[in-house]
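Okay everyone, thanks for coming.

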Amino acid sequence: MEMTETYKLYIETYGCQMNLNDTEIVSGIMREHGWETTDNIDNADAVLLNTCSVRENAESRIFKRLTHFSQKFKKRKNKLIVGVIGCMAERFNERLIDIQDIVSIVVGPDEYRKLPILLEHAMGGVKGVAVELSKVETYEDIIPLRTDGVNAWLSIMRGCNNFCSYCVVPYTRGRERSRSHTSIVEEVASLAAKGFKEITLLGQNVNSYHDKELNKDFADLISDCAIAVPQVRIRYTTSHPRDMSDRLIEVMASHDNICKHIHLPVQSGSDRVLKMMNRGYNREHYLGRISKIRELMPNIAITTDIIAGFPGETLEDHQLTLSLLQEVKYSGAFMFKYSPRENTKAFDMPDDIPEEEKLRRLNEIIDLQNKIAKEINHHEKGNIHRVLVECPSKRNPEDWMGRSDTNKVVIFPNPDAKFSQGDYVNVKIKRSSSATLFGEIVE
Ligand code: SAH
Ligand code: SF4
Ligand code: F3S
């Protein structure tokens with residue numbers, strides 16, 4: 001496309017880390033076509049909302065944002081293009097334009113290569129929709145425009161084939177496909193050369209990663225990445241309990257630069273509910289994985305996701321979730337109220353737990369989990385963590401924040417910014433809250 005001036009693009013990102021990485025991919029694609037990204041919405045030529053559909057409140061936030069835009073930009077002289085990309089684009093399709101007239105382009109997660117041409121048409125007054133899902137698109141050749149200084153996100157696979165009965169992701173992201181092993185290891189090496197200190201391998205279900213040509217799985221991949229960049233921390237998310245193999249656990253244990261944190265969503269502690277959720281494992285299998293992980297890595301941090309109030313969940317099922325939390329003792333959890341999603345299997349089951357009761361169960365889960373996390377953090381007193389320095393703390397600029405190997409946020413005084421972003425420091429923990437550790441740098 002011929003460009004006489006540079007256009008400015010403002011992107012707002014919602015949802016999971018895969019969306020964060022997609023925003024970088026979109027920025028990379030647009031940069032090749034003469035667009036530059038801006039943090040200031042008021043001088044943007046186009047605004048894209050990269051959206052999430054996982055729960056109803058994620059979607060209602062976006063509708064509110066679009067209503068706000070239609071009011072805010074009504075009187076603007078220069079025409080502003082508003083586009084919706086990501087999971088809601090896939091789910092709502094052209095209906096988004098009908099619902100919100102201000103929307104002029106709708107582009108699903110596998111169609112981002114079409115954004116430059118669709119934006120060009122939109123500037124000429126023609127609205128456009130592209131929501132085809134692909135069996136092969138991985139954006140392997142696109143160089144994402146990364147803005148974060150320490151950590152780089154890297155999507156190693158896209159889509160999901162699991163069809164958990166409550167989940168919209170297989171519909172908005174399409175079938176599972178893996179990027180090539182070779183291209184990932186090369187990108188990891190080039191990110192290290194650019195100065196990134198931490199790389200997070202991303203996918204909805206990273207441990208079902210498979211490079212068909214080389215016949216390499218996720219354990220092979222993470223092992224090769226760890227060897228390629230011994231000075232860089234490797235993280236990954238999300239892994240599925242069913243696919244958490246002994247070999248993957250062994251590989252994690254045998255490399256110092258693979259971070260000792262696993263996010264292993266359990267969703268429920270009741271076999272009956274897990275079955276209705278189509279999760280493909282039961283409580284016993286899950287607890288077996290936890291024991292194996294802790295046997296090889298006693299100090300690992302384990303986090304999870306929980307859904308409260310799934311259709312048909314009895315008080316007994318709910319108690320089983322609480323007892324599982326007691327048993328596993330997670331360092332952290334994302335806890336949600338069940339939200340019915342159209343077209344999923346669970347949508348056909350009666351959403352029979354009253355809203356109030358869902359909230360009561362959710363709060364009970366949150367209270368217990370906070371208590372457990374607080375206890376775990378309390379025992380951290382006196383421990384020394386190797387912390388990757390990130391940035392000044394929001395509360396007090398004399399204090400800085402970083403993350404431990406176990407992915408805990410650690411706050412420590414750093415007078416005159418003696419240590420800066422990307423440095424490693426050893427921090428001795430003095431006190432803690434349920435979410436944060438506080439300490440002092442020691443030699
Ligand atoms: N692929 C990841 C996470 C996907 S979405 C995994 O399988 O773990 C992140 C979390 O959102 C899920 O783990 C689940 O706890 C929650 N979630 C997904 N669909 C939901 C729904 N319909 N209602 C409430 N929570 C949901
Ligand atoms: Fe959704 Fe299940 Fe796939 Fe995770 S594994 S994205 S919860 S269908
Ligand atoms: Fe949301 Fe889509 Fe991620 S539904 S959680 S943005 S894959």
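So, the shell around ligand 1 takes at least three residues from each of domain 2 (148–259) and domain 3 (291–377); those bounds come from an automatic or database domain assignment. Quick housekeeping: this is a predicted model, where local features need pLDDT of at least 70, side-chain atom pairs count only at pLDDT 80 or more, and totals for chains, interfaces and linings use all residues. Residues are numbered from 1 along each chain as its sequence is written, chains are lettered from A and ligands numbered from 1 in the order in which they are written, and side-chain values use heavy atoms, with hydrogens and water left out.

Back to ligand 1. It has 15 residues around it, and the closest are Arg55, Gln204, Gln267, Asp305 and Ser339; "around" means a heavy atom within 4 Å.

Which side chain has an N or O atom 2.6 Å from an oxygen atom of ligand 1? That's Asp305. The Gln267 side chain also has an N or O atom 2.7 Å from a ligand 1 oxygen. Both are polar contacts, meaning N or O pairs within 3.5 Å.

On its own, ligand 1 exposes 540 Å², and the protein buries 89% of that, using the Shrake-Rupley method with a 1.4 Å probe.

Now ligand 2. Its surroundings include Cys160, Phe163, Tyr166 and Arg279. The shell splits into seven nonpolar, two polar and one charged. Here Ala, Val, Leu, Ile, Met, Phe, Trp, Tyr, Cys and Pro count as nonpolar, Asp, Glu, Lys and Arg as charged, and the others, Gly among them, as polar.

Note on methods: A polar contact is a pair of N or O atoms within 3.5 Å; within protein, one must be able to donate a hydrogen and the other to accept it, and residues adjacent in sequence count only if both atoms are side-chain atoms.
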